[in-house]
Amino acid sequence: MKRSLSSRHAASWIGATVTALCAIIGAAILILILGYVAFAGARALNPAFLTQLPVPVGETGGGVGNGIVGTLITVGIATLLALPMGLLGALFLALFGRGWFPEVVRFLSDVLSGIPSIAIGLFAYTLLVAPFRHFSALSASFAFAILMLPIILRTSEEAIRSVPRSIREGALALGLSEFATTMRIVVPAARPAIITGLLLAIARVTGETAPLLFTAFGSQFWELNPAQPMAQLPLQVFTYAISPYASWHAQAWAGALLLITAVLVLNILARLVLTPRTQR
Amino acid sequence: MAVSQPRGDAPRRSRSAAAGDRVFLFVVNAAVGLFVILVALLFLELVKGSWPSLHAFGPKFLWTSEWNPVTNQFGALPLIYGTLVSSLVAIVLAGVVGILAATYLAEFAPRWVARPLGFVIELLAAVPSVVFGLWGLFVLAPVVRTVIGPALQKYLGFLPIFQGPISGVGMLTAGLVLSFMILPTVTAISREVIVAIGGDLREASMSLGATKWETVARVVLPASRAGIFGALVLALGRALGETIATTMVIGNRPQIAASLFAPSYTLASVIANEFTEANGDVYISALIELGLLLFVVSFIVNAIARLLLWIVLRTRS
């Protein structure tokens, strides 16, 4: 090679520096957004904001208490819908599926995880809103459950697959039924990784806004009945943000701070649940 | 030695266990069947919902430009244009930064740097869309209007894409926000590919006397390009269907303008803005047809990306 060794090493150093800068840019974007949301959100955050109903434009105070409760209810029902089906599907993919069919399911699940949430919201609308001519939190939970399914399915499959076969075969050889082996031996052994996937799935839909527009729709009241339209924190942040009122903008930042905190805590928890197994 | 026959209630118990297993396996299979049916139903419901519009406009829905609820004329061309261009801006920006960041994390960074730094970049993917939109609207858009836009116009103003009045909300701001949102996808998957592909190639190149950078630039990255392309396609799928953040920063005007500073509109944003206020069967079904279009396009894009990544990562491991 014609170039001197020192110039080649210099090129190597420049390459390392430029790529490092790009990685730092990625991290810096998160820190910039987090920092600004914390700064702007903390100013409007107070106990009333967390517990009270929204007030009309012009009045001061008010909060997003109904939106917080609404989001908890909607995400909770979605979890109840998605978890059993996702877990059973994962058992199929990891233990019972044979031939080409599991590959098709895996492929469909991966592709489904890339379908825009607004298209899934429209599906929930045509299936559960239009026929009844009535918005409902349940239809939002249904849309959320579909968004959660691919995550639960694939992470739980990995979790179950990582349980050594010998444990399962041992239990079967000792005379345990397939059902008992799976539920009392395999699933408990895979539990931390399954919980990680579940937390990530919950984080994925907490803060999701687009499907809510025409499913849960939003509400000004304390609505606890999932068959009714229900207030949702992400919707309130969206509505307040695009409004022309400064007081609403302040509340949008506070709401965004709540959302981002919840989502980051869920993500970090998901990481922590796994750590004891991988590091010890 | 003769095998002793089970006595007492043992046979009955094992028979009931076998029956229990049959029920269990049936439930497992039913859950998977239901999942497949659900995906099929998703497609069928969207087709059913967009039927009046499919019937009224046919394929010209895709290449006519008038989006007029008053006269009930619906053509999606400006929306398709806005979706494609904003995603293209995002993929160019996030592609460059993301691939280089992935290279650093996979090749140069020591373990104690790569782990936390990689985690922080992945956390960016967790930030809700509405928070990106809020930040883009109130923080980034003013910066685009007062700093980034004028600077681009000053130095690259001879290009048509950087001409004309600079509105804070528009194609460029949307592209920037989208690029932040898909950066973690590009980075994480490219990193995975580079780590998987590198292996013995890396060692062979280094042992022949190549420097680290020569190894990365001439051996590892070229060998990883199919997988990295897969990562970009996957990220493109994300950008095409992103809704709320785009709606908040793109300006929401159905037009085809050469300038990136001009407001635009995307398929997903139109649905988000107009659906709950739409009246009339044709209007609603035209909006659902936009959703169907998004579904079909992102299905194809994701299928391509997954197949590519599946082939690349499978053949290596």
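Student: How many of the 280 residues of chain A count as buried, as a percentage?

Tutor: Please bear in mind that this is a predicted model. Burial is judged by counting neighbours: a residue is buried if 20 or more other C-beta atoms lie within 10 Å of its own. By that criterion, 50% of the 280 residues of chain A count as buried. In chain B, buried residues make up 51% of the 317 residues.

Student: Which residues of helix α5 of chain A are buried?

Tutor: Helix α5 of chain A, residues 117–129, is mostly covered, with eleven of its 13 residues buried. Among them are S117(A), I118(A), F123(A), Y125(A) and V129(A).

Student: Why is V139(B) called partly exposed?

Tutor: A residue is partly exposed when its neighbour count falls between the limits for exposed, 12 or fewer, and buried, 20 or more. V139(B) has 14 other C-beta atoms within 10 Å, and is therefore partly exposed. V139(B) is found in helix α5 of chain B, residues 129–156. From V139(B) to G82(B) the separation is 57 residues in sequence and 22 Å in space, C-alpha to C-alpha.

Student: What secondary structure does each chain have?

Tutor: One begins with the elements and their order. Chain A comes to ten helices and zero strands, and its pattern along the sequence is α-α-α-α-α-α-α-α-α-α. The radius of gyration of chain A is 24 Å, well over the 19 Å that the globule rule gives for 280 residues, so chain A is more spread out than a compact globule. Its C-alpha atoms fill a box of roughly 70 × 70 × 35 Å along the principal axes.

Chain B has ten helices and two strands, and its elements run α-α-β-β-α-α-α-α-α-α-α-α from the N terminus. Because its radius of gyration is 26 Å, well over the 20 Å that the globule rule gives for 317 residues, chain B is also more spread out than a compact globule. The box for the C-alpha atoms of chain B is roughly 95 × 70 × 35 Å.

Student: What share of the contacts in chain A join residues at least 24 apart?

Tutor: Here one considers contacts between residues at least 6 apart in sequence; in chain A, 74% of these join residues at least 24 apart. The corresponding share in chain B is 78%.

Student: Where does helix α8 of chain A bend?

Tutor: One may compare the span of a helix with that of a straight one. A straight helix of 28 residues would span 40 Å, whereas α8(A), residues 178–205, spans only 33 Å between its end C-alpha atoms. The helix bends by about 60° at R191(A), and the proline P192(A) follows within four residues. After α8(A) comes G207(A), whose phi is positive, near 100°.

Student: Which residues touch the most other members of the largest nonpolar core?

Tutor: They are M148(A) and L134(B), in a core of 194 residues. Helix α10 of chain B, residues 281–316, gives the most to this core, with 17 residues. Beyond residues up to four places away in sequence, M148(A) touches A78(A), A82(A), A201(A), R204(A) and V205(A).

Student: How many residues of chain B are in contact with chain A?

Tutor: An interface is read by its extent, its contributors and its composition. Here 73 residues of chain B are in contact with 66 residues of chain A. Helix α1 of chain B, residues 10–49, gives the most to the chain B side, with 20 residues. By class, that side has 51 nonpolar, 15 polar and seven charged residues.

Key: Residues numbered from 1 in each chain as written. Chains lettered and ligands numbered in written order. Predicted model: local features only at pLDDT ≥ 70, side-chain atom pairs only at ≥ 80, totals over all residues. Contact = placed C-beta atoms within 7 Å. Nonpolar A, V, L, I, M, F, W, Y, C, P; charged D, E, K, R; others polar. Rg over C-alpha atoms; globule rule 2.2 N^0.38 Å. Core = buried A, V, L, I, M, F, W, Y, C linked by C-beta atoms within 7 Å. Expected span 1.5 Å × (residues − 1). Bend = angle between axes of the 7 residues up to and from the residue.
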